[in-house]
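Please read the numbered points alongside the model.

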Amino acid sequence: MKQLEQKILDEGIVLGENVLKVDSFLNHQVDPQLMHSIGQTFAKLFEAEGITKVLTLESSGIAPAVMAALLLQVPLIFARKRKSLTLKDDLYTEKIYSFTKQEESEVTVSRKFLNAEDRVLIIDDFLANGDAALGLACIAEQAGAVVAGIGIVIEKAFQPGRDVLIQQGYRVHSLARVASLSGGKVAFVAEPVAQASSND
Ligand code: 5GP
């Protein structure tokens, strides 16, 4: 998605060799027009999948995910991160290791919002090692739902997340694929990924 790549080039800040900061349009301040375009692209990519729910992780996944849900005309569920829980009976729970915070947190979704009839589209802001997307897929599968696809706004293609998800049989689409952050510069994977199927 060219518009997103340009935004990353214009406003992204590289931290070390591994982390891209995009808090001017996605992770803190949010660009609603760009989120709308992102939602349209995800909706088009997954329109044939019979999606019934969009699932993301609070808080940075919510902006792109709500736009995808709006365009697909289905509800958005955001999994909540909680440190300790007293009552778990009515919750699906999964431990997810956070790439940026470098700590594990328990992530929960209420049982009343996901069930075995659902076909779930998972959306997240970044893909690095795949832990967040896999954890969300686990939650959907605890409900007996089908994970019909995974949509990622920014994939760091030099990290193993995509391979991990593809090996598990998931359909993955990323709107921007970063090949490298070396030397403080963002370089993208050359192929036009938004139109291509990740599995071919
Ligand atoms: P993974 O679970 O795939 O290792 O990492 C993805 C999660 O970590 C995303 O939910 C995202 O919040 C965070 N993350 C991973 N890499 C980056 C990055 O380079 N920049 C930002 N802002 N978040 C990242």
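1. A backbone N or O atom of Leu20 lies 2.7 Å from a nitrogen atom of the ligand, a polar contact being a pair of N or O atoms within 3.5 Å; within protein, one atom must be able to donate a hydrogen and the other to accept it, and residues adjacent in sequence count only if both atoms are side-chain atoms. A polar side-chain atom of Asp124 is placed 2.7 Å from an oxygen atom of the ligand. A polar backbone atom of Asn129 is 2.8 Å from an oxygen atom of the ligand.

2. Taken alone, the ligand exposes 500 Å², and the protein buries 89% of that (accessible areas by the Shrake-Rupley method with a 1.4 Å probe; for residues, only the protein chains shown count as cover).

3. The model is predicted: local features need pLDDT of at least 70 and side-chain atom pairs count only at pLDDT 80 or more, while totals for chains, interfaces and linings use all residues. Residues are numbered from 1 along each chain as its sequence is written, and side-chain values use heavy atoms, with hydrogens and water left out.

4. The ligand is surrounded by 16 residues, the closest being Leu20, Asp124, Asn129, Gly130 and Lys156 (near means a heavy atom within 4 Å). This shell divides into seven nonpolar, five polar and four charged residues; Ala, Val, Leu, Ile, Met, Phe, Trp, Tyr, Cys and Pro count as nonpolar, Asp, Glu, Lys and Arg as charged, and the others, Gly among them, as polar. β7 gives the most to the shell, with four residues (helices, H or I, of at least four residues and strands, E, of at least two are DSSP runs, numbered from the N terminus).

5. The ligand sits in the largest pocket, as more than half of its atoms lie within 2 Å of the grid points. A pocket is an open set of points on a 1 Å grid over the protein atoms alone, where a 1.4 Å probe fits, with protein on both sides within 12 Å along at least five of seven lines; lining residues have an atom within 4 Å of a point.

6. About 690 Å³ of space lies in the largest pocket, the volume being the space filled by probe spheres set on points joined across faces, edges and corners. Of its 32 lining residues, the closest to the centre are Ser98, Phe99, Thr100, Asp125 and Phe126.

7. The peptide bond from Glu58 to Ser59 is cis, with omega near -5 degrees; Ser59 belongs to the loop between β3 (53–57) and α3 (62–72).
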